[in-house]
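Please look over the structure below.

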Amino acid sequence: MITTSTLSEMNNIAEIKNCLECLQNFKQSKFEDIVNACQTLGDLAREESNRDEIKNQQGITTLLNVLSFYVQELDFTSKHNLYFQFCRVLGNLCFDHSENATLISNLNNHISILSMINFIEGSMKENLSDLSRSACAALANFAHADNEIRKKIVSLGGIQTLMKLLNFYRNQSSSGLLYHSLRALENICDVREACDTFFETNSNSKQIVLMNGHSKSALDILLFDVLDNEQIDDCSVLTTAIKIVGLFGCYFDLNQELSKTDIILILTKIFEKFGEQFKKETDTDELETIQELLIQILNTIDLSFIKTNEKWGEIILKERLSIYLLQFIKVDEKNYLKPQKTLQERILEFYSTVSEKDSLQKILINNVGVLEPVINQIKEILLNLRLGDSSKSLRFAVKLIGFLALDDANLPILIQCGAVEILSDVLNVLKEHQDSKEYEEAGPIIIQMNNFIQRNTCIALGNLARNDINCNYIVSHGGVKPLLDIMSIDLPIEGDDIAIDFNLLANAQFAFANLCKSKENQTIITNQYENVFHILVKLAIEQTPYLVSFYAIDSISNLIHRNETNAALLLSQYPNFMEQLLAISIHLEETNKENENGKEQQETTNAQQHPSNVNRPIEKIKWNFSILKCFIQFFKLNDTYKQMVQQKVLSNEIFIKVINDLANQSLEMKASLLAKEALEKFQIKN
């Protein structure tokens, strides 16, 4: 039975054969029939199966032979329509088809590329915008295939011709011509050779002779004829042009040259102009188009300029754009109800990325004023966050606070603006959601995203807890419980199919360990949370990864530092704790020895031993450092503990070797100094 689909395919094959037969005999065929054959093949080439069929019937070779003949003497009056159809069919044959693009671009001495360039040049003289548009679309499809085609277009002068075209039609964005020419440039500029032609510092750059006889650089045409052109209101045109600038910025030397231009001022003007339209727009499709433009500006600044050259961060924050962006994350009824969630996310991500640079953290708070709007945005997100949902904006917002807290000068301001309370609220709200039955229906992406938010929130709290004043404030304002809630998770036993986010556990303990450094907090924490040592010892001793155990031991060390009451409480609950610490260190040494000897690592079910999950020497050093630090804290308490520690340590030859190794290593100086102190206190010979 012949289906409709099969019948249509058979008809297409027959039509392709008829068209190619006409073209193969083009010298005997009527000119009008040749034009019609090219038009029909162009229509058929919209479908992938037909693109393959035309190639398989040697159609590409046939088309290029005909093209070669008709471009020997260019005639834009009588042959205009034929040239237009050649652009269509060759461009369509290359669409999403790299094999066809390679054939078309390379056969007959690159006649297809040369012809497209010549068509554009000729169409400007005759003002044939439809031919220019079609030729640009074809070049864009050629250049989409691979780098060699892009390089060939550059070497044949394609960039100069396209830039001349942009200048010529710079005030006619409605025709779609600017978009197609820029799309071609975007694809071509995926190679360095193309980008070089825009910069006078490179040998490949040439001043472009315009249609009016004047000369101009390619970069000036892109920046001033397109981007800084008030008459261009087409978001797609501007978005594509900005993508091209972003490609330049990915090369450090070109990036530096861009910093000498007015590009940030130009991008700021575009963002402000369309940002105001975005606030007033009600049409959903138009909103998405404008939003794409605004996000592309941020992508170019963030992922191209700053990522390649950190100096851009300071340049950006001195411009009014960094302050204007705050309008889109400030909470008010009118703006929050606007469907601009994606833009808000991207702006918060932008601020978060910029805040990673140490020199910019103070500027973001003092000059830009980012803190209060971000904290208010977090409050609004938590108020509207539904069960089983998540928020990228929330993740970037808490991440931003975490980076801002790395500058000591920012700490009092963060405390004053309620950063501690809002971070605690984030952890409490997510914990409440996770404990609900409805959360069980949340998908893996939502669960992962909320884990990311919790991680970044814990890191932010840990970064805030870098002095006693802040530590005491965090403990007295509800910062401990949400951390302990995370740390109280049931660890899986052998055979359990439970996924544990150990990174989240480590991040929570990082914050908690910092809080325990304050002398005032030691007793408050152990008095208010009776199970704290149970939680910490479990995480320190049971089969948990390096970072989880490291921070748990570090927390215990901080809680017993010069605190005999806490030390006594710990050993009353876990009298074998010192032996358990030694067992971890011994296991690390035995595992290391097995690895060195090439033996298979033996798995253990002993709860006092850890799996061999130390991947780098520095991890083993830090783990042993935390263990030794804990012993030193016991040793310094009083004579009773001193004798106890000496007895445990001096009777264990493996741990004595560990201390000596720590003293003699150079990867971690803190560990080396502590080990040398231990050798002296324990009276061990190095």
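**Salt bridges, cysteines and a charged patch**

In this predicted model, the count of salt bridges comes to 30. Side chains of opposite charge can pair when their charged atoms come close.

One of the salt bridges joins the side chains of Glu230 and Lys273, with 4.0 Å from N to O. Glu230 is in the loop between α12 (218-227) and α13 (235-249), while Lys273 is in helix α15, so this pair ties together parts that are 43 residues apart in sequence. Glu230 is exposed, at a relative accessible area of 54%, and Lys273 is partly exposed, at 26%.

Other salt bridges lie within a helix. Asp485 pairs with Lys481, and their closest N and O atoms are 3.0 Å apart. These two residues are four apart in helix α28, so about one helical turn separates them. Both partners are described by their accessible area: Asp485 is partly exposed at 24%, and Lys481 is partly exposed at 45%. A further salt bridge is formed by the side chains of Lys681 and Glu677, at 3.9 Å from N to O. Here, too, the residues are four apart, in helix α38 (residues 669-681), and so about one helical turn lies between them. Lys681 is partly exposed at 30% relative accessibility, and Glu677 is partly exposed at 27%.

Salt bridges can also link up: Glu589, Lys620, Lys657 and Asp661 form a network of them.

Helix α28 (residues 480-487) also holds Leu483. Is Leu483 buried or exposed? Leu483 counts as buried, because its relative accessibility is 0%. Leu483 and Asn428 are 55 residues apart in sequence, and their C-alpha atoms are 9.3 Å apart in space.

The cysteines come next. The count of disulfides is zero. For Cys250, the closest cysteine sulfur is that of Cys195, and at 8.3 Å this sulfur is too far away for a bond; a disulfide needs the two sulfur atoms within 2.5 Å. Cys250 is partly exposed, with a relative accessible area of 44%. Cys417 is in no disulfide either, as the nearest cysteine sulfur, in Cys471, is 19 Å away. The relative accessible area of Cys417 is 34%, so Cys417 counts as partly exposed.

Asp283, Asp285, Glu286 and Glu288 form a negative surface patch. Of these residues, Asp283 is in the loop between α15 (263-280) and α16 (284-308). Asp283 is partly exposed, with a relative accessible area of 40%.

Technical notes: Residues are numbered from 1 along each chain as its sequence is written. This is a predicted model: local features need pLDDT of at least 70, side-chain atom pairs count only at pLDDT 80 or more; totals for chains, interfaces and linings use all residues. Side-chain values use heavy atoms; hydrogens and water are left out. Patches are made of residues with over 30% relative accessible area and no salt bridge: like charges are joined within 9 Å, nonpolar side chains (Val, Leu, Ile, Met, Phe, Trp, Tyr) within 5 Å. Accessible areas come from the Shrake-Rupley method with a 1.4 Å probe; for residues, only the protein chains shown count as cover. Lys and Arg count as positive and Asp and Glu as negative; His and the chain ends are not counted. The place of a charge is taken as NZ of Lys, CZ of Arg, CG of Asp or CD of Glu. Buried means under 20% relative accessible area, exposed over 50%, partly exposed in between (1.4 Å probe, protein chains only).
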